[in-house]
Amino acid sequence: MRKKSVHPFQSTDNDVKKEVNTENLMTNLSNSYASDLLPSKDDKDLTKCFLLQVVNILLHYIEKTFDVKSKILDFHHPHQLLEGHPRYFNQLSSGLDVIGLAGEWLTATANTNMFTYEIAPVFTVMETILLKKMCEIIGWGETEADGIFSPGGSISNLYGILVARYKQYPEIRTKGMRALPCIVLFVSEQGHYSVKKAAAILGIGTDNVIEVKCDERGKMIPAELEKNVLQAKRKGQTPFCVTATAGSTVFGAFDPLHNIADICEMHKLWMHVDAAWGGGLLLSRDHSYKLSGIERANSVTWNPHKLMGVPLQCSAILIREKGLLGACNQMGAGYLFQPDKLYNVDFDTGDKAIQCGRHVDIFKLWLMWKARGTYGFEAQINRYMELAKYFYKVLKKKDNFKLVFDAEPEFTNVCFWYFPPRLKHIPKGFERDQELQKIAPKIKAQMIEEGTAMISYQPCGDKVNFFRMVFSNPATRQRDVDYLIDEIQRLGKDL
């Protein structure tokens with residue numbers, strides 16, 4: 001058997017041809033674009049060669065790490081690393097999540113920490129550059145804003161509320177909640193649950209989170225907010241913060257930010273915008289108007305790991321007033337944050353964070369933005385919006401599907417019910433709702449068991465379980481949308 005078999009490391013004629021082809025592709029990568037890689041184009045060879053080159057970089061780095069003859073680091077001051085960076089965002093292209101994957105690999109290989117410049121010099125500079133860019137996109141270009149990448153949108157929302165409280169009551173750092181009046185904050189009834197969780201963690205209490213009524217599309221009603229603020233004051237409570245939502249989890253709703261900002265300014269309240277889901281729309285010239293007014297916010301949560309497709313985790317908290325984040329969180333640990341280091345210690349960002357150790361989340365985003373450019377992200381996001389519109393139009397024509405909102409989707413969320421034939425003729429009411437409530441869970445269970453598709457469902461208010469389709473997968477095409485509709489009908493027709 002040994003004589004007849006080919007040794008795993010022995011080359012055959014086919015192997016030699018493959019190696020030659022691979023070498024050619026390797027040399028031609030400099031002429032390739034991120035949009036040439038999977039899943040944008042079905043070029044498996046090019047994608048393989050790209051990832052192999054990344055692996056070679058990693059192996060070289062690992063070898064150098066264990067080579068005692070090499071320098072422990074090649075030190076550059078922050079201002080030296082910053083040279084050349086201003087043109088970074090103008091190198092426009094498009095790309096896909098395989099670039100983010102490469103960034104994650106490289107980050108894991110470096111295995112460093114984000115609390116000081118000296119151990120993560122390039123990454124801390126990248127974070128500074130990209131945070132500045134994101135603040136400019138929000139509309140804070142005239143101010144020197146601040147921010148930090150956090151472990152997710154929930155923690156970013158926590159930061160927003162934490163800084164809001166500190167701005168109003170800086171004594172909270174030393175004296176604690178006993179020094180404060182009964183403070184309350186406001187969020188829409190469709191807002192993310194992390195706002196209540198933040199209130200519980202910060203000692204504010206979930207009872208002091210006041211939920212504001214929304215309209216039929218899930219948007220906060222400004223008149224209701226105003227009413228709630230005045231009611232709280234009459235009760236002797238002290239309002240300090242409003243969390244608006246730009247892209248709600250279920251309906252994909254955008255709160256009227258200008259109206260909310262007017263109320264916040266009138267009552268001197270901090271305005272935080274949870275744009276974890278919807279923030280990516282700021283990159284689309286066709287759809288950024290849906291976040292009009294976000295530039296008036298005091299703080300913003302934005303998750304590139306959602307609409308922009310950056311691999312988990314990648315979330316930013318952005319604060320309009322520079323210095324607050326550090327003043328709120330700094331403890332000045334002498335063994336990490338010495339003021340007399342040889343470089344500009346403003347790049348030691350660890351004292352702005354709740355954490356000490358902090359994962360490098362910036363590099364994959366930097367690499368993807370480098371590969372795609374802003375217009376590349378825009379094209380991808382616009383395609384998601386077109387898919388949502390297509391899905392809506394197809395469902396609208398089908399008798400056995402009913403949309404939760406009979407209007408074009410505002411975002412990539414499309415909410416709908418499927419009606420099996422037996423339910424179509426039952427009059428609307430309690431009996432039909434009881435049966436309809438069971439349909440989405442049963443269809444999803446069969447999908448998961450067969451491994452054909454995965455789509456979420458949930459009830460909301462007086463609406464029984466409905467499906468929620470969300471477009472954020474770069475590999476999704478119209479044929480996948482058509483397949484999903486057929487699959488729901490196949491699995492549900494006999495229920």
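Modeller: On a 1 Å grid over the protein atoms alone, a cavity is a set of points where a 1.4 Å probe fits but cannot get out, a pocket is an open set with protein on both sides within 12 Å along at least five of seven lines, and lining residues have an atom within 4 Å of a point. The model is predicted: local features need pLDDT of at least 70 and side-chain atom pairs pLDDT 80 or more, whereas totals for chains, interfaces and linings use all residues. Residues are numbered from 1 along each chain as its sequence is written, and side-chain values use heavy atoms, without hydrogens and water.

By this rule there is 1 cavity of 30 Å³ or more. The largest cavity holds about 100 Å³ of space, a volume being the space filled by probe spheres set on grid points joined across faces, edges and corners. Its lining is formed by Arg 217, Phe 251, Tyr 392, Leu 403, Val 404, Phe 405, Ala 407, Glu 408, Pro 409, Asn 413, Val 414 and Cys 415. Strand β9, residues 413–418, gives the most to this lining, with 3 residues; helices (H or I, at least four residues) and strands (E, at least two) are DSSP runs numbered from the N terminus. By class, the lining of the largest cavity divides into 9 nonpolar, 1 polar and 2 charged residues. Here Ala, Val, Leu, Ile, Met, Phe, Trp, Tyr, Cys and Pro count as nonpolar, Asp, Glu, Lys and Arg as charged, and the others, Gly among them, as polar.

The wider packing comes next. The protein chain has 14 helices and 11 strands, and buried residues make up 50% of its 495 residues; buried means under 20% relative accessible area, exposed over 50% and partly exposed in between, with a 1.4 Å probe and protein chains only. Of the contacts (heavy atoms within 4.5 Å) with a separation of 6 or more, 72% are between residues 24 or more positions apart. In soluble globular proteins, nonpolar side chains tend to be buried together.

Leaving aside neighbours within four places in sequence, Val 273 is in contact with Ala 244, Ala 246, Leu 257, Ile 294, Ala 297, Ser 299, Val 300 and Thr 301. Asn 157 counts as buried because its relative accessibility is 1%. Its side chain makes a polar contact with that of Thr 301 at 2.8 Å, a polar contact being a pair of N or O atoms within 3.5 Å, where within protein one must be able to donate a hydrogen and the other to accept it, and residues adjacent in sequence count only if both atoms are side-chain atoms. With neighbours within four places in sequence left aside, Asn 157 is in contact with Ser 194, His 272, Asp 274 and Thr 301.

His 287, in the loop between β5 and β6, is also buried, because its relative accessibility is 15%. The side chain of His 287 makes a polar contact with that of Lys 290 at 3.1 Å. Not counting residues up to four places away in sequence, His 287 touches Leu 281, Asn 382 and Met 385.

Some backbone features also deserve attention. Most residues other than glycine have a negative phi, and most peptide bonds are trans. The peptide bond from Leu 312 to Gln 313 is cis, with omega near -5°, and Gln 313 lies in the loop between β6 (299–302) and β7 (315–319). Asn 111, though not a glycine, has a positive phi of about 45°; Asn 111 sits in the loop between α4 (97–110) and α5 and counts as exposed because its relative accessibility is 67%. Lys 268, likewise not a glycine, has a positive phi of about 55° and is found in the loop between α10 (257–267) and β5 (270–275).
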